[in-house]
Amino acid sequence: SVTDEWWRSAVIYQVYPRSFADSDGDGIGDLPGITSRLPYLRDLGVDAVWVSPFYPSPQADAGYDVADYCGVDPLFGSLDDADELVSRAHGLGIRVFVDLVPNHTSDEHPWYRRALAAPPGSPERDWYVFRDPDPEDPERPPNNWESVFGGRAWSKTPDGQWYLHLFDSKQPDLNWENPRVREAFLDILRFWLDRGVDGFRVDVAHGLVKAPGLPDAETVGRRAEEPGDAARGEHHGEGMSAGATPYWDQDGVHDVYRAWREVLDGYPGERAMVAEAWVEPYARIARYVRPGEHHQAFNFAFLDAPWRAAALRDTIAESYEASDPMGAPTTWVLSNHDVIRHATRLGLAPEHFASQLGPAVPAPDRAVALRRARAASTMMLALPGSAYLYQGEELGLPEVLELDGSVRQDPTFHRTGGERLGRDGCRVPIPWEGGAPAYGFSETGESWLPQPEIFGELAVDRQTGVPWSTLELYRQLLAVRRERGLGSGSLDFVDLGDDIVAFDIASPAGSTRVVLNLGEGAWPIPEGARVLVASDPSIAGSGAVAGSGAGAGPGAGDPRLLPVDC
Ligand code: ISL
């Protein structure tokens, strides 16, 4: 339903177009595929979808290399298909965010082609970050910056100048000092807002503006190479915090977002934007969300939090504390298209959590990881604030770790010669029907990445209507969240012992207790309480949803979480 500031408590579902549903049988998902599955998302109970990039692109980074911000890649359909998606979604009460990629374009974008064709020093080149090489050595780049995907952040052009790319060499960084770049993006915002989209997910929002003079990044003081640091260092290391890195989180970037916010506010219907800013500490993110800028920013704190009660409690408490000055509640994220799916991650040792971009990850015990993932999701969807879901997490899909190098497409894998595994394992196409070719992803049986057999068991049709399936758990969670007003409630921790994360949420619908038990013992169900939903049948038994659930005993070590109606 359309309420004031809907985004404050919204559940927003990320669709990764190439892997969601394929309508034309080429093995790559597309916009008509998404549209055909919108009723599924309505039944799941989400408020909005965020659709990852579907613009014309050479697909060097799965569409995060945009060659035209105002079009649709034929791979995914047409502009008419985009319009149809938005209008059908709206008809079902689902809002739509598109993904805006302002830090860089594709090297096949006409702006970049024009820049390359023009001489050094020309206005055309000024759209990007071109620089002469190190004066002492033309073979050395202008500074020591490194690409997030591995290797240096500069590549040489045929005329001897170098261009900056914080990501792949096919993703040249735009020059946000150039007012023409700024104007161009205001037009892009208007283009999509005019077509009816409800807002934007802003890619690499902490990038864009670079420190004047492009000074070397300080390498001293960065943590030494602990396991998992390869990835962690990119977005969680000291190097990222408080403006210390000359290419992240510069003060000047906020002017950009203030101008964008004015554009959004000029449209009816509470359009919104969410910042993807990998910045630490989390309090620093408040600067992206203060009034007049983004409505939300992703809170990635759960992606790092080890499976320990104290760590989870701290993560929640710190997130609320940090979001206080934001003027908006926090968001919650357990999975997305860049990280290890939480139905695998939560079974790994913490040093592997951030190693999506790191070397091979050992396969965890799937049952343990899934049980934890279901408990974590139950907790997340009960937390006040806005929650982001990544397609397939509602099926309990694991990360696919065993993909052969020959099918991997993430530039990270290729840029590092396979040293970093990359992100393909969380991007394997969604299984819709357990018995169909490509598990219903595509009628022809084509799939751009091979799906493992376990995907057949986890297919949507295999879980629909099945008690205790992960899909039914998510449906219940979203229903309970809505009925109990959890997303907009207020939270108070309850002390039920060291191994239990427990809190009460007060809302106009009443008080709801949420319990995540990581220990061995039982926890007391408050007098007169009724278990509304539980992540684990071994704990609440058949009474978990409607019965009394009294005396529900724990399975040894079973993590579990039961919102309880008090
Ligand atoms: O993937 C990461 C960690 O697992 C990050 O370093 C990620 O590259 C970074 O957070 C930015 O991500 C976004 O921009 C990238 C794109 O590859 C990602 O898919 C996108 O989410 C470049 O556009």
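Predicted model: local features only at pLDDT ≥ 70, side-chain atom pairs only at ≥ 80, totals over all residues.
Figure 1. We start in the loop between α12 (411-415) and α13 (454-457), where Ala 438 has its place. Ala 438 counts as buried because 23 other C-beta atoms lie within 10 Å, and the cut-off for buried is 20 or more.

**Figure 2. The cis peptide bond between Glu 280 and Pro 281.** Here the view moves to another loop, the one between β8 (272-275) and α8 (286-289), which holds Pro 281. The bond joining Glu 280 to Pro 281 is cis, with omega at about -5°.

**Figure 3. Asp 65 and its surroundings.** Asp 65 lies in the loop between β2 (48-51) and α3 (79-91). For a sense of scale, take Gly 396, which is 331 residues from Asp 65 along the chain: the C-alpha atoms of the two are separated by 29 Å.

**Figure 4. Ala 48 in the largest nonpolar core.** This core has 155 residues. The members that touch the most others are Ile 12, Val 46, Ala 48, Val 49, Val 96 and Met 379. Which helix supplies the largest share of the core? That is α11 (residues 366-382), with nine residues. Zooming in on Ala 48, and leaving aside neighbours within four places in sequence, you will find contacts with Ala 10 and Ile 12, with Ile 94, Arg 95, Val 96 and Phe 97, and with Asp 198. Stepping back to the whole protein, buried residues make up 53% of its 566 residues.

**Figure 5. Helix α5 packed against helix α7.** Helix α5 spans residues 179-194 and helix α7 spans residues 253-265. Their axes are 10 Å apart and meet at an angle of about 30°, and α5 passes α7 in a right-handed crossing. On the α5 side, the residues at the contact are Arg 182, Leu 186, Leu 189 and Arg 190. On the α7 side, they are Val 256, Ala 259, Trp 260 and Val 263. By type, the residues of this contact divide into six nonpolar, no polar and two charged.

**Figure 6. Domain 1 where domain 3 touches it.** The protein is divided into domain 1 (6-102 + 178-463), domain 2 (103-175) and domain 3 (490-565). In this view, 14 residues of domain 1 are in contact with 19 residues of domain 3. On the domain 1 side, α9 (309-323) and α11 each supply at least two residues. Which helix gives the most to that side? It is α11, with seven residues. The domain 1 side divides into eight nonpolar residues, one polar and five charged.

Figure 7. Arg 113 is found in helix α4 (residues 110-117). Eleven residues along the chain separate Arg 113 from Glu 124, and their C-alpha atoms are 9.4 Å apart. His 414 is found in helix α12. His 414 and Ala 509 are 95 residues apart in sequence, and from C-alpha to C-alpha they are 52 Å apart in space.

**Figure 8. The whole protein, for orientation.** There are 16 helices and 17 strands in the protein. Among contacts between residues at least 6 apart in sequence, 65% join residues at least 24 apart.

Terms used
Residues numbered from 1 in each chain as written. Core = buried A, V, L, I, M, F, W, Y, C linked by C-beta atoms within 7 Å. Buried ≥ 20, exposed ≤ 12 C-beta atoms within 10 Å, placed from the backbone. Helix = DSSP H or I, 4+ residues; strand = E, 2+ residues; numbered from the N terminus. Contact = placed C-beta atoms within 7 Å. Domains from an automatic or database assignment. Nonpolar A, V, L, I, M, F, W, Y, C, P; charged D, E, K, R; others polar. Axes fitted to C-alpha atoms, helices over the stretch in contact; angles between N-to-C directions. Left-handed = near helix turned anticlockwise from the far one by under 90°.
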